[in-house]
Amino acid sequence: MADVKLRDIRKSYGATEVIKGVDIDIADGEFVVFVGPSGCGKSTLLRMIAGLEDITAGTLEIDGVRVNDLEPSRRGIAMVFQSYAIFPHMTVRENVAFGLTINKVSKADKEAAVANAARILQMEHLLDRRPSELSGGQRQRVAIGRAIVRDPKVFLFDEPLSNLDAALRMDMRMEIGKLHQDLGASMIYVTHDQVEAMTLADKIVVLKDGQVMQAGAPMDLYHNPANLFVAGFLGAPSMNFIPVSVTEVGPDTVTVSSPSLDAISVPRKGRDFTTGQTATLGVRPQYLRPVGADAGMLHGTVVLTERLGSETVVDVKLANGSKIIAALPQDMVMSPGEAVSFTFAPDQAHAFPE
Amino acid sequence: MATISADNHGLRLAVRYVVLTLIAVIFIFPLLFMVMSSLKPSDQLLRDTASLRAFLPVGDIGFDNYTDAFSRAPVGLFVFNSVLVTGVTVLLSLFLCSLAAFSFAFLKWKGRDLLLGIIIATLIVPFETIAIPLLLLVSKLPWIGLEGLQFGWLNTYRVQIIPWIADGLTVFLFVQYFKDLPRELIEAARVEGASWWQIYRRVVMPLAGPVLATAAILKFLVMYNQYLWPLIVVQQESYRPVMVGLQYFFQLDTAWGEIMAYLTIITVPVLAFYLVMQRAFISSIASTGVKG
Ligand SMILES: Nc1ncnc2c1ncn2[C@@H]1O[C@H](COP(=O)(O)OP(=O)(O)OP(=O)(O)O)[C@@H](O)[C@H]1O
Ligand SMILES: [Mg+2]
């Protein structure tokens with residue numbers, strides 16, 4: 001167990017810089033998730049921590065020691081790969097014990113470690129099989145088992161569940177969560193699935209184009225996104241963005257309006273606005289409540305409703321042609337073309353300057 | 001419907017078997033001719049070539065040609081020499097070429113791609129063009145043996161083995177195969193603390209069955225069929241391989257029966273090798289077919 005520190009980490013392939021100065025602090029025992037769109041550099045960052053890619057510039061510390069130039073095996077990490085990367089010519093037992101065999105651990109210790117990992121992952125009955133005789137989920141367990149027996153300071157996962165089907169993914173997600181509770185080791189987990197990120201993480205790091213957009217506790221990021229990108233990236237369905245113009249800037253609030261939106265004052269959260277400028281107002285679909293046509297502040301016409309029983313998802317067109325989504329926590333009937341109005345609490349809305 | 005498609009299936013299967021049998025027969029006939037002829041006296045052998053009798057054990061059948069062949073030439077010695085030279089070369093070649101290819105495929109070093117390009121370029125150089133320079137080279141090379149330091153490698157086994165160990169084709173085959181292995185397998189082994197040698201030994205080579213078999217067969221054929229090189233570097237009978245040994249039968253009279261007997265004998269190691277490789281090939285495919 002150990003803390004991990006990234007200081008101004010950079011990575012270039014030739015002339016292209018793909019990681020552009022990343023600072024991240026990972027506390028001892030913390031579960032940190034890197035999320036971001038495809039190609040933003042999540043895997044590259046993880047592979048640099050693992051030692052599989054050179055660090056072009058910056059400092060990487062694990063447990064207080066600078067490890068930039070250390071071999072992967074000497075960094076105290078274990079990695080679980082997206083493709084599992086278990087050895088097809090070895091049995092499950094040999095796969096799980098591989099690192100111990102390499103390091104000439106005594107037979108008794110090795111057997112104890114393998115038995116322990118097999119017990120944690122409930123795969124005692126699989127130990128003598130070959131990978132070709134395992135399902136995808138079972139292979140993933142083997143890969144995790146191989147990581148467990150090394151007793152690493154830091155576990156690294158690169159999209160470990162992306163090759164599994166939806167149901168299995170949920171099971172394995174919970175198991176990984178439980179594993180973290182049981183082992184208490186630091187874990188760094190890469191995914192582009194925001195549900196995995198929200199449910200597993202102590203801390204989420206949102207990346208875009210090789211830069212950290214925001215880092216913090218899942219609920220912090222969900223309720224207080226620092227910018228439009230984070231606001232739109234976390235949450236499903238994603239946050240509605242309404243183009244507005246700023247009519248008044250107060251000490252703690254900013255007042256905005258648009259043809260579809262009656263003037264409303266929302267928290268400014270330290271962001272700078274000037275009167276008359278255009279801005280974006282973000283409201284999550286779940287926070288919109290339908291009200292009588294003259295009562296609400298957001299007005300539009302229904303385009304489509306999807307009734308899911310427990311929830312109704314409504315597509316609404318605003319006066320300027322842009323679309324928003326409302327997720328209503330009850331079964332409701334709304335017909336296309338019908339005029340609707342919504343209300344929402346001002347402190348659940350986020351204003352971002354253009 | 002069901003019966004029609006079943007019939008159809010049966011018919012297609014029958015056609016396939018007929019075609020495969022025909023192909024097998026075409027390939028087997030020369031061998032059959034060789035073996036049958038080796039059992040016949042020369043004059044009958046030549047007469048039989050005019051008819052299908054050439055492929056049948058008919059007429060004056062016996063093993064005289066074999067006893068004659070053994071008394072004309074040291075057949076056993078030649079076969080021993082060829083098997084020794086071929087076997088040692090194949091083993092060393094598989095080992096050294098796969099090691100080189102491992103470095104080309106997995107390690108990063110300056111000039112790597114250029115050097116690989118040069119090695120692959122050597123594929124287009126025919127052996128005949130370098131035979132004479134190579135001869136001049138090996139005739140002066142030093143060697144430390146039981147008798148101490150000597151110069152010149154002519155009339156030895158090593159002159160037939162060492163120049164043939166490394167070759168561009170074998171390296172290229174291994175490089176291609178290694179590059180197709182999942183990169184994450186190698187990385188996983190590195191994270192687990194395996195040294196490059198351990199990765200080679202425990203991860204890459206156990207998965208290299210198919211390319212080992214291919215490279216071994218190609219190398220075996222080249223080595224077992226060696227003719228020009230041993231002809232110019234070996235003058236002593238005691239180091240002579242089988243193909244050069246064939247000359248013994250083309251002297252004043254051409255003894256076709258004995259030639260056929262000799263050819264039959266020297267074909268046995270080839271067939272044995274093929275059978276072994278076929279087994280190894282199939283089992284290695286079975287164990288690596290599913291990637292982890
Ligand atoms: N070997 C390489 N040479 C050049 N560019 C590379 C190399 N590896 C990755 N890149 C680039 O670096 C960027 C980040 O890649 P990376 O694999 O880290 O993305 P990612 O966030 O993991 O994406 P995904 O979610 O699709 O896995 C990409 O733009 C990619 O094209
Ligand atoms: Mg990735």
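What follows is a chat about a predicted model with chains A and B.

Trainee: Which domains does the assignment give for chain A?
Mentor: Domain 1 covers 4-233 and domain 2 covers 240-353; such bounds come from an automatic or database domain assignment. Their centres, taken over C-alpha atoms, are 39 Å apart.

Trainee: And how many residues of each are in contact?
Mentor: 10 from domain 1 of chain A and nine from domain 2 of chain A, with contact meaning heavy atoms within 4.5 Å. The two domains bury about 780 Å² between them, 54% of it on carbon and sulfur atoms. Buried area is the accessible area (1.4 Å probe) that two parts lose on being put together, summed over both.

Trainee: How many salt bridges across that interface?
Mentor: Zero between domain 1 and domain 2 of chain A. The term needs a side-chain nitrogen of Lys or Arg within 4 Å of a carboxyl oxygen of Asp or Glu.

Trainee: Which helices sit on the domain 1 side?
Mentor: Helix H7 (218-223) and helix H8 (228-233) of chain A each supply at least two residues there. Helices are DSSP runs (H or I, at least four residues), numbered from the N terminus.

Trainee: Switching to the other interface. How many residues does each chain put in?
Mentor: Chain B gives 20 and chain A gives 28. Together the chains bury about 2200 Å², 59% of it on carbon and sulfur atoms.

Trainee: How many salt bridges between these chains?
Mentor: Two. One of them joins the side chains of A:Arg150 and B:Glu192, at 3.8 Å from N to O.

Trainee: On chain B, which elements give two or more residues to that side?
Mentor: Helix H9 (183-191) and helix H10 (196-204) of chain B. H9(B) has the largest share, eight residues.

Trainee: What does UniProt list for chain B?
Mentor: The unreviewed entry lists "transmembrane region" for several spans, including 78-107 and 259-277 of chain B; annotations may be inferred rather than shown by experiment. In the model, residues 78-107 of chain B are 97% helix, with end C-alpha atoms 42 Å apart. Residues 259-277 of chain B are 100% helix, with ends 28 Å apart by C-alpha atoms.

Technical notes: Residues are numbered from 1 along each chain as its sequence is written. Chains are lettered from A and ligands numbered from 1 in the order in which they are written. This is a predicted model: local features need pLDDT of at least 70, side-chain atom pairs count only at pLDDT 80 or more; totals for chains, interfaces and linings use all residues. Side-chain values use heavy atoms; hydrogens and water are left out.
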